[in-house]
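Biologist: I would like to learn how to read a strand and its surroundings in a model. Where do we begin?

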Amino acid sequence: MKMYLSSIFADPERTARLIDIAQSSFLPLLKGAIFYTIPLTIITFIVGMVLAIVTALARISHVRIFQIIARIYVSAIRGTPLLVQLFIIFYGLPTLGIIIDSYLAAVIGFSLSVGAYTSEIIRAAILSTPKGQWEAGYSIGMSYSQVLRRIILPQAARVSLPPLSNSFISLVKDTSLASLVLVSEMFRKAQEIAASNYEFLLVYSEAALIYWVICFILSVIQQMLEKKLDRYV
Amino acid sequence: MISIQGLYKQFGKLEVLKGIDLEVEKGNVVVVIGPSGSGKTTMLRCLNILETPTKGVISIESQTLDFSGTVPKKNIAAFRRLTGMVFQSYNLFPHKTALENVMEGPVIVKNENKESARKKAQTLLEKVGLGDKIDYYPVQLSGGQQQRVGIARALAMDPKVMLFDEPTSALDPELVGEVLKVMKDLANEGMTMIVVTHEMRFAREAADEVIFMDQGVVVERNKPEEIFTNPKEERTRKFLNMIQ
């Protein structure tokens, strides 16, 4: 630590080199974040949420086969490492003749993961809505899907916002795993840059800082949303 | 107009309704009284199919549901639209304002035009005395006000029958009157009503007929003045003595 710091400040030439690398690597990293990390996170989360709602509804439905399928899905995804799932999809499936582009493989892998984990959040939030809300909806003639969409899910959204934000923020960081299935997201860019100039500490710290800033902005958005949804409570 | 024949309801091994037969004339107000666990709420909920009867036939106007076989979901939805339900715990939608609560049914279920639904909802809220509270969320309203929104919400669907499930039981005593007043006004306008309640004064003043239920059967039915002053059945007498 001490040696590293003194090597930076004692040697003006090295200082200049580091500043130069920090500057020149910032733009490629930011591009990786803007064109890959952030879109990957958003697409995955949307697909994952759809999966999660379907899975949650299957779990609370009275149709046994739906329940079983949903349980197996959640159990399998939660019981295996995300990295292993990504490797199966990207490196494993081609053995069966199913070749998936690296970006799509990442979307599939992350969506399945988000779907399984957040389905439990959605399920709990739906079940936390009082039974009387369903009955009130039915009593004015609404159908199951109308009650669900208009009455139950908006109320469930408020309850599930903090844990869902948690999942979303985790997902931003988990997308760095996509570097291992060759998606050129921010962390893969960082690896490439660091491999060419050997300034691992500097470049990886820079990437870390960008992740941090993204996640910080997200938590601010979360707080704003919570305030908005809390208006009627 | 309303007819219930041989209505049975079982929860697991517990038989709650043991063969109810009941006719209600159009425009009549029927008050159902009885000890807790007598099945009066269950009977009301069967009329709105919030509970599926085990057996029996229910008709309102020209629509009939026979529960000896399976009843299609579509018929249930159509049948439900004939009744308006008012709940003990109001069950307003907390994320919607008073106005939105009342508009929800007409707009979503009946596909009514939003503007006319809004006007109608406003009229209904004025009718229950809440014309100045239309943009309030349920949490900003007192229990009595919430229950009146509940009544307006049910009325918005133009039901043939209004069902009240202990509408004042969750209210503070000083708020009971305002809800009962709205109900009396409705009765005077000729609305057909079935009311499960412990408010004996309401039964005396507004009911055309009082029904005493105990242990899943209708024990006695008569005009209010008769049943309160001169109950024929021993069980009715005992119950009325206990509450008066």
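**Reading strand S8 of chain B**

Modeller: In strand S8 (residues 192–196) of chain B, five of the five residues are buried, so the strand is largely enclosed by the rest of the structure. Keep in mind that this is a predicted model.

Biologist: Which residues point which way from S8(B)?

Modeller: Look at the side chains on each face. Thr192(B), Ile194(B) and Val196(B) point one way, while Met193(B) and Val195(B) point the other way, and all are buried.

Biologist: In which sense do S3 of chain B and S8(B) pair, and over how many bridges?

Modeller: Check the direction, then the bridges. Strand S3 (residues 29–33) of chain B pairs with S8(B) in the parallel sense over four bridges. Val30(B) has Ile194(B) as its bridge partner in S8(B). Strand S7 (residues 161–165) of chain B also pairs with S8(B) in the parallel sense, over five bridges; there, Asp165(B) stands opposite Val196(B).

Biologist: What do S7(B), helix H6 and S8(B) make?

Modeller: Follow the chain from strand to helix to strand. S7(B), helix H6 (residues 173–188) of chain B and S8(B) form a β-α-β unit, and this unit is right-handed.

Biologist: Which residues have the most contacts inside the largest nonpolar core?

Modeller: They are Leu125(B), Ile151(B), Met162(B) and Met193(B), in a core of 137 residues. Helix H7 (residues 144–174) of chain A gives this core its largest share, ten residues.

Biologist: What is Met162(B) in contact with, leaving aside its neighbours within four places in sequence?

Modeller: Its contacts include Thr192(B), Met193(B) and Ile194(B), and also Ile151(B) and Leu186(B).

Note on methods. Residues numbered from 1 in each chain as written. Chains lettered and ligands numbered in written order. Predicted model: local features only at pLDDT ≥ 70, side-chain atom pairs only at ≥ 80, totals over all residues. Heavy atoms only, no water. Buried < 20%, exposed > 50% of the residue type's maximum accessible area, 1.4 Å probe, protein only. Helix = DSSP H or I, 4+ residues; strand = E, 2+ residues; numbered from the N terminus. Pairing = 2+ DSSP bridges. Right-handed = clockwise from strand over helix to strand, strands pointing away. Core = buried A, V, L, I, M, F, W, Y, C linked by side-chain atoms within 4.5 Å. Contact = heavy atoms within 4.5 Å.
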